[in-house]
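Student: I would like to go through this model from its overall form down to single residues. Please give the cut-offs as we go.

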Amino acid sequence: MEKIKIFAPASVANVSCGFDVLGFCLDPIGDIMHITKINKPGVVIRNITGEELPKDPLKNVAIVAANSLLESYPTNKGFIIDIEKKIKPGSGIGSSAASAAGSVFAINQLLGKPFTEKELLKFAMDGEAVASGAAHADNLAPVLLGGFTLVRSNSSLDVIKLPTPPDLFATIIHPKIELKTIHSRAILKKEIPLEKAVKQWGNLGAFVSALHTNDYKLLSRSMKDEVIEPFRAMLIPKFNDVRNAAIEAGALGSGISGSGPSIYALSKGENKAIKVGNAMKSFYETIKLDFDIHISCINKEGIKVL
Ligand code: HSE
C-alpha cells in the first residue's frame with residue numbers, strides 16, 4: 001500500500017468526573033487525512049485545508065507524532081501528509097488528538113501494521129504534548145480504540161476500553177471562541193481538597209460501573225465535576241446557563257468538553273439529544289454568539305481507513 005485515506009474522529013475528554021483519564025469518541029465530526037508513502041525518508045505536511053495550522057516539524061502535532069513512531073521503527077521510506085481539517089483547533093473536542101492519532105494510525109497501516117492501536121498511543125502522546133503542554137491520553141485513547149476509554153495511568157499508558165450503553169447520544173455545542181488547552185490548564189490548582197477528591201473518585205468509579213451495567217440513572221448521578229469545572233466555567237460564555245438548560249431538557253448530564261469551550265451533554269436516545277441541543281443553543285442565539293452544534297452517537301469503532 002502506497003497511499004491511504006483515513007477518518008480521525010473528534011472526541012470528548014474528562015466527561016465531568018474523569019479529568020485526564022476518561023473520554024469517548026464522536027461520530028460524524030472528524031478530520032480526513034491522506035498519507036502517501038514515498039522513497040525519500042522524512043515526514044512533511046503538504047496541504048492543510050479548513051484551518052490554519054503550523055507546518056513546522058517541531059510544532060505540528062501530526063509530524064511530531066509521526067517522527068516519534070519512526071524513531072521506534074526506522075525505515076528508508078518517508079511520508080507526505082495532507083489534512084482536511086474539520087475539527088476546529090481550540091474547540092475542546094480533541095482537534096490535536098485527531099491529528100496526532102491520525103498520522104500514526106495511517107503510517108502504521110502503510111508500514112504493514114507493526115504496532116497495535118494501544119502501542120500507537122505513546123507516539124501520538126508525543127504529538128498531543130506539543131499542543132497542550134502536558135502528556136495526557138484521554139482524547140487519544142477513544143480516538144484510537146473507539147467508544148469510552150479509561151486511562152488508568154498516563155505515564156505507563158495503561159488504557160482500558162469500556163462498554164457503551166446502547167441508547168447513549170451526545171450533544172456538543174461549540175461557542176465559537178478559541179480556548180487553548182495550554183491556557184485552560186494553566187488556571188487549574190495543583191492541589192485538591194480531600195473532600196472534593198473523595199467525591200470525584202466516587203463519581204468516576206460509579207460512572208464506569210454504570211457503563212458496564214447500562215444503569216442510566218447511576219450514570220446521570222455520576223456526571224459531576226467537583227474539581228476542574230468550577231475554575232474553567234468562567235472561561236466559557238453562559239456555561240452554567242447552557243449546562244442547566246441541558247439538564248432541564250432531560251440530559252443525563254452535561255459539562256465542559258475537554259478543556260472547553262465546547263459543552264457536551266449525554267442523553268438517553270437521539271430525540272432527547274436533539275431536544276437538549278435546542279435548549280442549549282437558545283442562550284447563544286440570545287446573546288448572538290456564533291456556535292456549532294452536533295448530535296452524535298458514541299463511535300465504538302474510532303479511527304478508520306476510508
Ligand atoms: N484532559 C484534558 C484537559 C483534555 O482537560 O486539559 C484536553 O486536552
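This is a predicted model: local features need pLDDT of at least 70, side-chain atom pairs count only at pLDDT 80 or more; totals for chains, interfaces and linings use all residues.

Student: How many helices and strands does the protein chain have?
Tutor: Helices are DSSP runs of H or I with at least four residues, strands are runs of E with at least two, and both are numbered from the N terminus. Counted in this way, the protein chain has ten helices and eleven strands.

Student: What is the radius of gyration of the protein chain, and what would a compact globule have?
Tutor: The radius is taken over C-alpha atoms, and the globule rule is 2.2 Å times the number of residues to the power 0.38. For 306 residues the rule gives a value near 19 Å, so the protein chain agrees with a compact globule at 19 Å. Along its principal axes, the C-alpha trace spans about 60 × 40 × 35 Å.

Student: What percentage of the residues in the protein chain is buried?
Tutor: Buried means under 20% relative accessible area, exposed means over 50%, and partly exposed lies in between (1.4 Å probe, protein chains only). Of the 306 residues, the buried ones make up 56%.

Student: What share of the contacts with a separation of 6 or more comes from residues 24 or more positions apart?
Tutor: A contact means heavy atoms within 4.5 Å. Among contacts in the protein chain with a separation of 6 or more, residues 24 or more positions apart account for 74%.

Student: How far apart are the mean positions of the positive and negative charges?
Tutor: Lys and Arg count as positive, Asp and Glu as negative, while His and the chain ends are not counted. Each charge is placed at NZ of Lys, CZ of Arg, CG of Asp or CD of Glu. For the 36 positive and 31 negative charges, the mean positions are separated by 2 Å.

Student: How many aromatic pairs are there, and how are the rings of Phe24 and Phe148 arranged?
Tutor: Rings of Phe, Tyr and Trp (its six-membered ring) pair if their centres lie within 6.5 Å; planes under 30 degrees apart count as stacked, over 60 as edge-to-face and the rest as tilted. The count comes to six aromatic pairs. In the pair of Phe24 and Phe148, the ring centres are 5.1 Å apart and the planes are at 45 degrees, so the pair is tilted.

Student: Where in the chain do Phe24 and Phe148 lie, and which aromatic cluster includes Phe24 and Phe148?
Tutor: Phe24 is in strand β2 (residues 22–38) and Phe148 in strand β5 (residues 148–153), so that the pair links parts of the chain 124 residues apart. Phe24 counts as buried at 0% relative accessibility, and Phe148 counts as buried at 0% as well. The cluster is formed by Phe24, Phe148, Phe207 and Tyr264.

Student: Is Gln200 buried or exposed?
Tutor: Gln200 lies in helix α6 (residues 194–213). Leaving aside neighbours within four places in sequence, Gln200 is in contact with residues including Ser16, Cys17 and Lys224. Its relative accessibility is 9%, so Gln200 counts as buried.

Student: Which residues does Ala13 touch, not counting those up to four places away in sequence?
Tutor: Ala13 is in strand β1 (residues 3–13) and counts as buried at 1% relative accessibility. With residues up to four places away in sequence not counted, Ala13 touches Leu22, Gly23, Asp138, Asn139, Ile256, Ser257 and Gly258.

Student: Where does Lys281 lie, and which residues is Lys281 in contact with beyond four places in sequence?
Tutor: Lys281 is in helix α10. At 23% relative accessibility, Lys281 counts as partly exposed. Leaving aside neighbours within four places in sequence, Lys281 is in contact with Ile173, Phe291 and Ile293.

Student: Is the peptide bond from Gly260 to Pro261 cis or trans?
Tutor: Most peptide bonds are trans. Pro261 lies in the loop between β8 (253–256) and β9 (263–268). With omega near 5 degrees, the peptide bond from Gly260 to Pro261 is cis.

Student: Is Lys288 buried or exposed?
Tutor: Lys288 is found in the loop between α10 (270–286) and β10 (291–297). Its phi is positive, about 55 degrees, although Lys288 is not a glycine. With a relative accessible area of 75%, Lys288 is exposed.

Technical notes: Residues are numbered from 1 along each chain as its sequence is written. Side-chain values use heavy atoms; hydrogens and water are left out.
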